[in-house]
Amino acid sequence: MSTVHQPDLKDRPARLTVGVVGAGRVGPALAASLQLAGHRPVAVSGVSDASRRRAATMLPDVPLVPPAEVLQRADLVLLTVPDDALPGLVAGLAETGAVRPGQLLVHTSGRYGAKVLDPALRAGALPLALHPAMTFTGTPVDVQRLAGCSFGVTAPGELRLAAEALVIEMGGEPEWISEENRPLYHAALALGANHLVTLVAQSMELLRTAGVGAPDRMLGPLLGAALDNALRSGDAALTGPVARGDAGTVAAHVAELREHSPQTVAGYLAMARATADRALAHGLLKPELAEDLLGVLADGPDGPDGPDGPDGPDGTNGTNGTEGNA
C-alpha cells in the first residue's frame, strides 16, 4: 500500500485539466465528454496521421504534444493505448519522472485493473481503471453513445468515489469490478461484442450470395429483436432449428455453407453445438431430438468423410469422445 496521501474528491479543484496519451478511438471521445461536463482538455498525444486527424476533429484547438508533456499539463491523464502497450507506457512514464504526485492517472483497458498503474502509484499518482463497455468509431457519435454506457471501474478503495464520480460526469454508469475479475470481465465483453460483429458480417455476406440486395435492412429488425429478447429472457429466447432439434434443416445449412462459404462452417458448427448444449440444459431441446442433431454437428467442418468424420484418425466418429459437445 502506498504511503502517498490520497486526497478526497473535495480536496481537488472542481474542474480538472485533462490530457490524453494515445489519440485512438477512445481517448478523444472521453476527453470530449469530460469537456461537456466542464473539465478542460489541454493536451493530447498521437503518433499516426489518423490519430492526429481524430484529435483535431474531436478536440479542436487542443495542442498535440509528446506524452511526457501531456502529463506536465494535465491534472487528469487518460492513458488510452492498446492493452499490450499499457504496462510499458506506465513504467516508462514513471521512470522518466513524468508522473506528478496527486495526478489522476486513468487507463481505459478492459483487461487490466488498477495494479498495472503501480509504477505511477509509487510516484504519487492516483490510479483509476475506467473501461467503457462500448464500441467506438472514432467520430463525434461516440460522445453521444457514452450516455448510459456502463464502465468497468477498478481503483483503490479510497479512490472509488472519485472514479465513480468521473464516470457519472461522462454520462456513464459505474460498475465495480474487482482486480482479480478484470480478465474474466473483459473476456465476457469480447465474447459478446467482438464475435457479434464477425457473425453479422458473415451473415450479410451469405445473404448477398443468396441474392438479397439489402442484407443490412433485412437483418436490422431481426437482430434487434433477437438481442432485445436475449437481454430480457436469456436462454429462454433461444429459437431456430438448433433449439427445435431440426437436424435435417441444420444438415442442409451445413451443406450449403460447405459449397458457398466453407470458411464459415467451423464457426457455424461451434456455435450450433454451444446453442444445442444450452437448449438441452434449459429444457428447450427435447432429448429424443438431440441425438440426430448432435450427429449432424459432430461431422466436423470437412464433412462425414473428412478427417473429423467417422473415418477420422482418432476412430471416435469425429466427436473425440465428447458426443458432439463443443
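These notes walk through a predicted model, from its confidence to its sheet and a few side chains.

1. **Ground rules.** Residues are numbered from 1 along each chain as its sequence is written. In this predicted model, local features need pLDDT of at least 70, side-chain atom pairs count only at pLDDT 80 or more, totals for chains, interfaces and linings use all residues, and side-chain values use heavy atoms, with hydrogens and water left out.

2. **Confidence.** The protein averages a pLDDT (the predictor's confidence in each residue, from 0 to 100) of 89. Of the residues, 87% score at least 70. Residues 1–13 fall below 50, and this stretch has 19 contacts (heavy atoms within 4.5 Å) in the model beyond near neighbours in sequence. Residues 304–326 are also below 50; that stretch has 36 contacts beyond near neighbours in sequence.

3. Seven strands form an open sheet in the order 2-1-3-4-5-6-7, with mixed pairing. Strands here are DSSP runs of E, at least two residues long; helices are runs of H or I, at least four long; both are numbered from the N terminus. Two strands pair if DSSP finds at least two bridges between them. Strand 2 (40–45) and strand 7 (173–176) are the edges, each with a single partner strand, so one side of each has no neighbour in the sheet. From one strand to the next, the twist averages 25 degrees.

4. **Strands 3 and 4.** Strand 3 (residues 76–79) runs parallel to strand 4 (residues 104–107), and four bridges join them. Leu76 faces Leu104 of strand 4 across this pairing.

5. **Helix 4.** This helix (residues 86–95) lies across strand 1 (17–21), strand 3 and strand 4. Its direction is about 145 degrees to strand 3. Axes are lines fitted to C-alpha atoms, for helices over the stretch in contact, and angles run from 0 to 180 degrees between N-to-C directions.

6. **Strand 6 and its partners.** Strand 5 (residues 126–132) pairs with strand 6 in the antiparallel sense over four bridges. There, Ala129 stands opposite Thr154. Strand 6 and strand 7 run parallel, joined by four bridges. In that pairing, Gly152 is opposite Glu175.

7. **Rings.** Arg160 lies over the face of Trp176, 4.2 Å from the ring centre. Such a charge has NZ of Lys or CZ of Arg within 6 Å of the ring centre and within 35 degrees of the ring normal.
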